[in-house]
Amino acid sequence: MSNLLVYGSYGYTGRLIVATAMERGIEPVLAGRNLSELEAQASEWGLTYRTFDLERPEIIKQQLSPVDVVLNCAGPFVHTHEPLLDACLETDTHYLDITGEIEVFESIAARDEQATDAGVTALPGVGFDVVPSDCLAVHLQNAVSNPSKLTLGFESLGTPSPGTALTMIDGMLSGGAVRRDGKIRPVPAGWNTRTIDFGSGERTAITIPWGDVSTAYHSTGIPNIEFYMAAPPWSIRGLRLTRRLGPVLETPPIRRGLESLAKRLIGGPSAEQRQHGETRLWGEVTDEESGETRIARLKTPNGYALTAKTAVESVVRTLNGEPEPGFQTPATAFGPEYVLEFDDVVRRDAMAPPSTQVQ
Ligand SMILES: NC(=O)c1ccc[n+]([C@@H]2O[C@H](COP(=O)([O-])OP(=O)(O)OC[C@H]3O[C@@H](n4cnc5c(N)ncnc54)[C@H](OP(=O)(O)O)[C@@H]3O)[C@@H](O)[C@H]2O)c1
């Protein structure tokens with residue numbers, strides 16, 4: 001019997017995670033709702049599998065009872081986190097996932113007390129979103145005396161996987177989000193732009209509703225948070241067009257069409273892209289009263305390569321009993337230096353130049 005069950009094990013990212021777990025000598029139980037995919041994956045690795053969907057709570061509980069940790073890789077997580085977490089709380093099973101969805105982080109954070117009482121760790125976001133940015137947020141928190149504003153961003157995720165593309169379509173249709181005075185506020189898609197030097201020259205960047213709008217607040221308590229992604233001006237214009245097209249794009253047939261197009265056309269980064277890709281993160285913290293500002297940057301491997309490693313390492317540490325029970329973010333579970341423990345991750349601190357706002 002393995003101590004780990006990977007749900008959604010045969011998706012693009014689930015496969016990377018299973019391969020990484022095997023490299024580390026962990027033999028996960030594979031799980032999901034597609035029997036033929038599970039059979040093929042299980043025979044490739046010589047692993048056991050469980051076929052169940054997330055519709056019947058009793059079945060989920062039965063399947064989770066023998067395992068210590070569930071790693072949920074079945075996204076968009078807005079559709080999958082709740083039934084799995086419900087069952088985890090009743091079966092003493094720790095819950096981890098690789099979500100980057102604000103709504104999912106907030107939903108899990110709201111169950112902190114329940115998880116604490118159950119002695120269960122609920123640790124979403126153990127992938128590229130949000131391990132590096134969450135660690136950067138907590139690192140920056142201590143760089144000024146009274147941090148009141150945190151701005152984070154990244155450049156160059158490379159090609160997305162099918163599930164990320166679907167999750168991005170969902171996110172794009174529901175507009176943007178920032179945190180103001182401790183509350184998450186909806187803003188239009190592509191609400192603000194600014195130029196950011198992620199470490200290789202200035203780039204135009206746009207606000208996106210990335211998971212840190214939720215998690216960085218839980219990790220640092222900083223009340224004002226924005227998250228930016230580097231994007232060329234033409235794509236910013238395209239994203240802003242969705243504000244006007246939103247109601248049309250949200251109609252079920254158009255939405256289904258977009259989703260099936262994403263599934264057919266987007267295969268995710270190749271092994272070579274994962275091996276040689278690079279991602280840059282940037283963060284800026286400000287004490288708005290004194291004007292004191294500090295920035296820091298992180299360079300990491302390709303986001304999917306990093307996700308596989310951070311997800312498996314987070315599982316190992318959870319199996320070892322490292323994080324406290326209750327809702328955790330990666331940085332509250334493992335500390336702000338956690339991301340620096342992975343190969344090819346480098347952090348640099350710098351003074352902030354005057355920021356340039358563009359429209
Ligand atoms: N945090 C990060 O940095 C990070 C990194 C990578 C991926 N992700 C996220 O992880 C998710 C998966 O990405 P991916 O590229 O691996 O996607 P993918 O290749 O499309 O795989 C998705 C997996 O989830 C399963 N699934 C989806 N909805 C389900 C549901 N309602 N019930 C049961 N199973 C369901 C799919 O099973 P079926 O085929 O049976 O539908 C499949 O196994 C996405 O949301 C993506 O955004 C996050």
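Is threonine 193 buried or exposed, and what is its relative accessible area? In this predicted model, threonine 193 is buried, with a relative accessible area of 2%. Threonine 193 belongs to strand S10, which spans residues 193-197.

The buried residues of H7 are Val131, Pro132, Ser133, Asp134, Cys135, Leu136, Ala137, Val138, His139 and Leu140.

The packing of H7 against helix H9 was examined next. The axes of H7 and H9 come within 9 Å and cross at roughly 40°. The crossing of H7 past H9 is right-handed. On the side of H7, the contact is formed by Ser133, Asp134, Ala137, Val138 and Gln141, which meet Asp212, Thr215, Ala216, Ser219 and Thr220 in H9. Sorted by class, this contact of H7 with H9 contains 3 nonpolar, 5 polar and 2 charged residues. Among the contributors from H7, Ser133, Asp134, Ala137 and Val138 are also buried.

Helix H9 (residues 212-220) also meets helix H5 (residues 102-109); the axes of H5 and H9 come within 8 Å and cross at roughly 35°. In this contact, Ile102, Phe105, Glu106 and Ala109 of H5 meet Val213, Ser214, Thr215 and His218 of H9. By class, the contact of H5 with H9 comprises 4 nonpolar, 3 polar and 1 charged residues. Thr215 of H9 takes part in the contact with H5 and also in the contact with H7.

Beyond the end of H7, serine 148 is found in the loop between H7 and strand S7 (149-155). Serine 148 has a relative accessible area of 15% and is therefore buried, the limit for this class being under 20%. When neighbours within four places in sequence are left aside, serine 148 is in contact with Ile222, Pro223, Asn224, Thr286, Asp287 and Glu288.

Aromatic side chains were then considered. A pair of aromatic rings is described by the distance of the centres and the angle of the planes. The structure holds 9 aromatic pairs. In one of them, the ring centres of phenylalanine 154 and tryptophan 210 are 4.9 Å apart and the planes stand at 40°, so the pair is tilted. This pair links distant parts of the chain, as phenylalanine 154 lies in strand S7 and tryptophan 210 in the loop between strand S11 (202-207) and H9, 56 residues apart. Both phenylalanine 154 and tryptophan 210 are buried.

Phenylalanine 154 forms a tilted aromatic pair with phenylalanine 227 as well, with 6.0 Å from centre to centre and 50° between the planes. Here too distant parts of the chain are linked: phenylalanine 154 is in strand S7 and phenylalanine 227 in strand S12 (residues 224-230), 73 residues apart. Phenylalanine 227 is buried, as is phenylalanine 154. Together with Phe128, the residues Phe154, Trp210 and Phe227 form one aromatic cluster.

The backbone shows two cis peptide bonds to be described here. The bond from glycine 75 to proline 76 is cis, with omega near 5°. Proline 76 is placed in the loop between strand S4 (69-72) and helix H4 (81-91). The bond from aspartate 129 to valine 130 is likewise cis, with omega near 25°. Valine 130 is placed in the loop between strand S6 (121-123) and H7.

Positive phi values occur in residues other than glycine, including aspartate 92, with phi near 55°. Aspartate 92 lies in the loop between H4 and strand S5 (94-97). With a relative accessible area of 55%, aspartate 92 is exposed. Aspartate 181 also has a positive phi, near 50°. The loop that holds aspartate 181 runs between strand S8 (176-180) and strand S9 (183-187). Aspartate 181 is exposed, with a relative accessible area of 61%.

Terms used: Residues numbered from 1 in each chain as written. Predicted model: local features only at pLDDT ≥ 70, side-chain atom pairs only at ≥ 80, totals over all residues. Heavy atoms only, no water. Axes fitted to C-alpha atoms, helices over the stretch in contact; angles between N-to-C directions. Helix = DSSP H or I, 4+ residues; strand = E, 2+ residues; numbered from the N terminus. Contact = heavy atoms within 4.5 Å. Nonpolar A, V, L, I, M, F, W, Y, C, P; charged D, E, K, R; others polar. Buried < 20%, exposed > 50% of the residue type's maximum accessible area, 1.4 Å probe, protein only. Left-handed = near helix turned anticlockwise from the far one by under 90°. Phe/Tyr/Trp six-rings, centres within 6.5 Å; stacked < 30°, edge-to-face > 60°.
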